[in-house]
Every structure is written in structure tokens, then in C-alpha cells.
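Hi there,

Here is the structure I promised to pass on. Have a look at it first, and then read my notes below.

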Amino acid sequence: MSSLPLLPTTAKPHLIGIARLAAEGESLREGHRVEYFTLPSKSLLNRCVSKRAMPFQWTINPYRGCEFGCRYCYARYTHEFMEMRDGMEFEQKIYVKQHAAELLRRELRRVKPNESIALGTATDPYQPAERCYEVTRGILEEFARHRGYELGIVTKSNLVTRDLELLRQVAQANKLSVHITITTLDTNLARILEPRAPRPDLRLDAVRTLAQAGLRVGISCSPVVPGITDSPNDLEALLQAASDSGAEYVFANPLFLKPCSAAVFLPFLQENFPHLVENYRQRYQDRAFLPAAYGKRLSQLIGRLREKYKLTRRHERSAFATKWPVQGFDEQLSLF
């Protein structure tokens, strides 16, 4: 009797670096369509090597991945370093960095006095995972033990107010700025653009709370999404709300689409804003960034609104940076 032929086996890819560490991570728990894993880390502080002119030299990201699921998120590419090519995994598989405060304590000596640090450039440091794992809180507790550093925090979450007293401790001996991202005041629009992020009004409440506590806080309108969040009336309403809430500054940058982000955003656009699809294809064809003319028009508009609502006071330098109705489409295209 002849033996059956052996079936070919599929060899597992040889993983190295961050991809190997991610593969070895232990499952912590599973939530609604979200899994959490440990991520053994050798370093927490990362030098910024972007070719774009960035106003900070170092970055800290307490997590890899982000649950908020913002359809335009540029940071989805960071999961590719772990050999995860499906852009949706960025919001479905969240990696929790281990021993973050200890790593920071060891690495802060690398930061020179004139260099600044951005916390939350490729993940939200106050996403839902933070309620359980408190990695961000541990990082802030470490900063509170030091003095002379410049730290900027970027978040879409009102959970930042949980750490109000700790933030005040950090600010006593360091330069601290908190940047709350609000791309629209329209709750319904925010729900489809940023499906699991806190409502815009809750973020404005957080701005108000931080400002009343004497902290330096401002609003990031970034990204401004062409044809969707860029109408002059909507942007003016947002800057007026920023001023009323006590924000010291506002900054805005237009949407850019890396290939991994476009793979998620363009199908979303087709489903919710089909009238914009062809325009986006033409404008973003073979490029991640819009032509400079759009950015110039946006910058001029935001500049006029800053002056009108007195959002240029005190600190000019900021440490950082269903089908939808077609109503208002012509006005939005005045920028796009």
C-alpha cells in the first residue's frame, strides 16, 4: 500500500523587532470587537524623524493602536511595523506597553534642554484602554518627579480631566500644553467620522475644566477634512467655541492620506459622502497631501478667525500641532 503524499506546509514568516514582540504579547482581555495585548518594550521615548517640519523632537505613545476608530486616522501605518497590513486592525488590536514609567525614567536623560516631547502622536493616550491600564497616568507620574521638560499632550478624550491634579503637578516644574482635538461641533457628523471618540461637547467641557485649573490648553482642528468639516461657517463656530471655553490657541492642518489610511477612508467616503469621491480621487491621486494652495487658503482663514476670537494671546508658539446630506456643499468647496 503506497503512502499518501505529504501536503506542503506553509512556513510562518520570520518576525523580528517590534513584530516579534507583538506576536509574543499576551492577551489581556477582549472588549466589543477589540482585543488587548501586552507589548514588551525596550524603549518608550522615540526621536522624531519625520521629513515634515515638526515642532517637537521626541514622541511618546503609551499604546499601539487606538480604539476611537477615526476614519481618517493617519497612524494606521504603525501597525504595519508589526506585520499587520489590514488597516482595521489598528482599532481592533490594542497593544499596551509594559513598564513605561521605568523606561521613561531611564531615557529622559537623552532629552536636551531645548527639545520638546509630544505624548500621543500615533495613538490617543486617553483612549478607553487607559481607564484600565493607566499607562499614561504612570508616565505623567514620572514627569511630575522631574523639572525643566517641555511636554505636549494630544487627545480626543475628556478622560484627560481624570488626571487634573497630576497635570498641575507636572506643570509646576515643566512646560506643559494639552491639545484637545475637535474636528467638528456637529455630534452626528463626529459620530460617523470618529465613531468611538467622546462627543465634541464633552471635549469642550474638558478644555474648560483644564483652562479653569490654570493649565495651558488649546484645540487642534486637525485634520480639517475637505468638503466635510472645512466650511468657513463651521470652522468659525468651532473657533468661537474654543475661545468661549478658555482655549489659548487653535491650530489646524488639512487631511493627508497615507495608503493604509486611504484604504479605510475612501470606502467610508463612498458610503457616506459619495458626491465627494471623484473630487478626492483627483485631488489625492498619487499623493498623500493636498496641493499647497488648499493649505494656504485654510491657513489664511484660520488666521483671520484667530484674530477675531482673540486666540493669539499670550503664547503664540504652540508646542504642537449613513449618507450625509449635501447641504452646504458649494460653500465647503470654496476651500476644497
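What follows is a short tour, from the whole protein to one strand and then to a pair of helices.

First, the ground rules. This is a predicted model, in which local features need pLDDT of at least 70 and side-chain atom pairs count only at pLDDT 80 or more, while totals for chains, interfaces and linings use all residues. Residues are numbered from 1 along each chain as its sequence is written, and side-chain values use heavy atoms, with hydrogens and water left out.

The protein has 13 helices and 11 strands; these are DSSP runs numbered from the N terminus, helices being H or I of at least four residues and strands E of at least two. Of its 336 residues, 53% are buried, meaning under 20% relative accessible area, with exposed over 50% and partly exposed in between (1.4 Å probe, protein chains only). The protein exposes about 16,600 Å², and carbon and sulfur atoms supply 51% of that (Shrake-Rupley method, 1.4 Å probe).

Now the sheet. Seven strands form an open sheet with mixed pairing, in the order β3-β4-β7-β8-β9-β10-β11; two strands pair if DSSP finds at least two bridges between them. β3 (45-47) and β11 stand at the edges with a single partner strand each, so one side of each has no neighbour in the sheet.

β10 runs parallel to β9 (residues 175-181), joined by 5 bridges, and I180 stands opposite I219. β10 also pairs in the parallel sense with β11 (residues 250-251), over 2 bridges. Here I219 stands opposite V250, and the bridge partner of S220 is F251.

Finally, helices α10 (residues 259-272) and α11 (residues 277-284) pack at an angle of about 150°, with their axes 9 Å apart (axes are lines fitted to C-alpha atoms over the stretch in contact, and angles run from 0 to 180 degrees between N-to-C directions). The two helices α10 and α11 are therefore roughly antiparallel, a label for angles over 145 degrees. F265, L269 and Q270 in α10 meet V277, Y280 and R281 in α11, where contact means heavy atoms within 4.5 Å.

Best wishes

Note on methods:
Parallel < 35°, antiparallel > 145°, perpendicular 65-115°, else oblique.
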